[in-house]
Amino acid sequence: MSTATTPAPTPTAAPPAAGRDRSRLLRWWPAAVLVLLIVAPYSALPVPGLLDGPVGSPGSLQLLATCLLFGALATGYDLLLGRTGLLSFGHALYFAAGSYATNMFLLEAGLPFAAAAALGLCSGTALALVLGSVSLRVTGIGFSMVTLAFAQAGSILVSRNPGGLTGGEEGRAAPADLLPSWLVGIDHTANLYWITLAYLVLTLGVVHWAVRSPTGRVWEGIKENERRVEVLGLKPYGFKLTAFVLAGALASVGGLVHLLLTGGSTPQTTTSDFTLSLLVMVVLGGSGTRWGPMAGGILYTWADHRLGDLAGSGAVAELPAVLRVPLSQPLFLLGVLFVAVVHLLPGGLARLPSRLRRPRKEKK
Amino acid sequence: MSTIVLLTMTGLGLGALYFLIASGLSLIFGLMDVLNFAHGALLSIGAYGTWWAASGHLPGAGPGGWGFALAVLFGTAVGTLAAVVLELVVVRPLYTRPREQVLATVGVGLAVPALLSGIWGSDARTFPGPQALSGTFRLLGADVPVNRLVLVAAAVVVLVALRLFLGRTRHGLVVRAGVEDRAMVTALGIDVRKAFTLVFAIGGCAAALGGALGGLYFGSVDPRQGTSLLIFAFVVVVTGGMGSVTGAAVAAVVIGLVQQFANYYTAAGLGDLAVVVLLAALLLVRPRGLTGRLA
């Protein structure tokens, strides 16, 4: 049972006379991609180079789900960065809060999964509300530093393992017996994949809806010029806090999905590097665009995984040390790629098509 | 009593390390509005440069006596050079886009530690140091490690040198004026971009020196060291008021002491938390930091 899995259903063969029809068709490409993604677990199509096994195999589904998860996370993070102009360096905290809080409600309180998940999400959102209301008292880069400090505090707290709650450097595995059976085990990877896909759709939907709402208009104003928003008689603080809490809540849901997907909470998700990688994804894809952050997140996660495999492969091991050492470090490659994108491709990948179309006009 | 003396000296040593990082960060931010996320990488470069030289790779340098001094000098010089290259190659082309400047330094801050761990491995390496600096000395009944004193002395020297440079020289005047109002300095016909490179060089120099001496303090170097110190340096910069060197010095001492005492008298790790709570409390009371300057 095989379906086409290349996510580019562009009908290039359409005749030029049917231009309007074509553009109308093109508007439906997200739905087509979504359908393809939904049926992907039933596909046995091998994608050499992109994935290790066939699309429907558990390993590939796990990687695809991770990619989608980070695509969604980056989209949620862009609510702050690209839509409201807030450069938060503490987004990892709310992601980790969703994961760890849910895990602790399961492990320590022995609550059923649904209750633990709900409480975990509430904890993450409440944390975003409290810390956001403190951090937003400072503006500009001061805000970035304060969010970074809070996230670092969370990271320290998790790694010190207070009362054996967080499991320290090891992290903590989720209790398999308390989770619904259809979410546990390698046979049910497809279910986890669909949950991740649902999370992605939810995030895209919420961000799309929020940005088009009246509040979203104010966010855009704050991003462009906060002083002018104040002059209009609006208080930016409340709007910024709304964006912060909404992004934090979305990140908490992401943490919950991550908990299910990886079967536990790991302290790597609390580090500032985690937030920085979200930042890299958003900027790579194109901050402030609808699809850019998602594309950046998917691309980054895929590259991170595949570059790690590349580093271990024989082709790299035979290279001279000057080339081998940098190539064996995915973070080095991604860091350099990021600097290159910032320099050469302002607006990220999402702006690439229009830049290719009008190479002259875009130059200032 | 001896515990308090030891904790105070350790806290001061840590504060000195924070100051060495934060002074450069603060100046760079004050002048250019760039939060330099690659500053931790500069510190790591200084630490690894010193370690490399002191391990006998540089002729004349070694783990003892003047050889070590040469190694520190080498590490600091490499760090300074790296900072200048960073400014010229990565930051300068983005002059009109301050946010992208920050993002570019984030990329460098990710890439450099990865490269270091690619070359020398991600595990901590033992840091060689001269015999004279690895011992202890008695102060008010406590055995205080000498390296704390070295760090404090280096920080004081850097503070005095920076104050003299900023207060007594023409370049320092341009930097101070630039922190105050960059547009006005440019309007007066002064090329502020030279001051940018200068400030990056100074910051890189101080951070690399901090890395070299931090190796003594921790007894080892590892690629992640700079990044983890950077975060506390950020706390120092915000607390001290951005762009102020003296504010950074005061804040560094306060943060270092609070962290040490809280770590000792409460559970380990709580001191690191206490620092952040302190920052939050301070921002609630005075949103502009200790010296009341926030761009």
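This is a predicted model: local features need pLDDT of at least 70, side-chain atom pairs count only at pLDDT 80 or more; totals for chains, interfaces and linings use all residues.

Q: Where does UniProt place the feature "transmembrane region" in chain A?
A: UniProt positions are given in the numbering used here, with feature names shortened, and annotations may be inferred rather than shown by experiment. For chain A, the unreviewed entry lists residues 28–47, 59–79, 86–107, 113–131, 192–211, 237–261 and 331–352. In chain B, the feature is placed by an unreviewed UniProt entry at residues 6–27, 34–54, 66–90, 102–120, 146–166, 196–218, 230–258 and 264–285.

Q: What is the secondary structure over residues 113–131 of chain A?
A: Helices (H or I, at least four residues) and strands (E, at least two) are DSSP runs, numbered from the N terminus. Residues 113–131 of chain A are 100% helix and 0% strand, with end C-alpha atoms 27 Å apart. For residues 86–107 of chain A the values are 77% helix, 0% strand and 35 Å between the end C-alpha atoms. In chain B, residues 196–218 are 100% helix and 0% strand, and their end C-alpha atoms lie 32 Å apart. Residues 230–258 of chain B are 86% helix and 0% strand, with 17 Å between the end C-alpha atoms.

Q: What is the area buried between chain A and chain B?
A: The size of an interface is often given as the accessible area lost when the parts come together. Here buried area is the accessible area (1.4 Å probe) that two parts lose on being put together, summed over both. Between chain A and chain B it is about 3500 Å², and carbon and sulfur atoms give 80% of that. Of the area that chain A buries against chain B, 17% comes from A:Arg137, A:Met145 and A:His343, more than from any other three residues.

Q: How many residues are in contact across chain A and chain B?
A: With contact meaning heavy atoms within 4.5 Å, 38 residues of chain A meet 42 residues of chain B. There is 1 residue pair in polar contact between the chains, both at pLDDT 80 or more; such a contact is a pair of N or O atoms within 3.5 Å, where within protein one must be able to donate a hydrogen and the other to accept it, and residues adjacent in sequence count only if both atoms are side-chain atoms.

Q: Which elements of chain A give two or more residues to the side that touches chain B?
A: They are helix H6 (141–160), helix H11 (272–285), helix H14 (321–327) and helix H15 (330–344) of chain A. H6(A) gives the most, with 12 residues.

Q: Which parts does the pair A:Glu108 and A:Arg172 tie together?
A: The two side chains meet in a salt bridge at 2.8 Å, N to O. A:Glu108 lies in the loop between helix H4 (91–107) and helix H5 (113–135) of chain A and A:Arg172 in strand E1 (residues 172–173) of chain A, so the pair joins parts 64 residues apart in sequence.

Q: Is A:Lys240 buried or exposed?
A: Buried means under 20% relative accessible area, exposed over 50%, and partly exposed in between (1.4 Å probe, protein chains only). A:Lys240 is buried at 3%, whereas its salt-bridge partner A:Glu226 is partly exposed at 24%. The closest N and O atoms of A:Lys240 and A:Glu226 are 2.9 Å apart.

Q: What does A:Cys67 touch?
A: Not counting residues up to four places away in sequence, A:Cys67 touches A:Gly297, A:Ile298, A:Thr301 and A:Trp302. A:Cys67 is found in helix H3 (residues 58–84) of chain A and is buried, with a relative accessible area of 4%.

Definitions and conventions
Residues are numbered from 1 along each chain as its sequence is written. Chains are lettered from A and ligands numbered from 1 in the order in which they are written. Side-chain values use heavy atoms; hydrogens and water are left out. A salt bridge is a side-chain nitrogen of Lys or Arg within 4 Å of a carboxyl oxygen of Asp or Glu.
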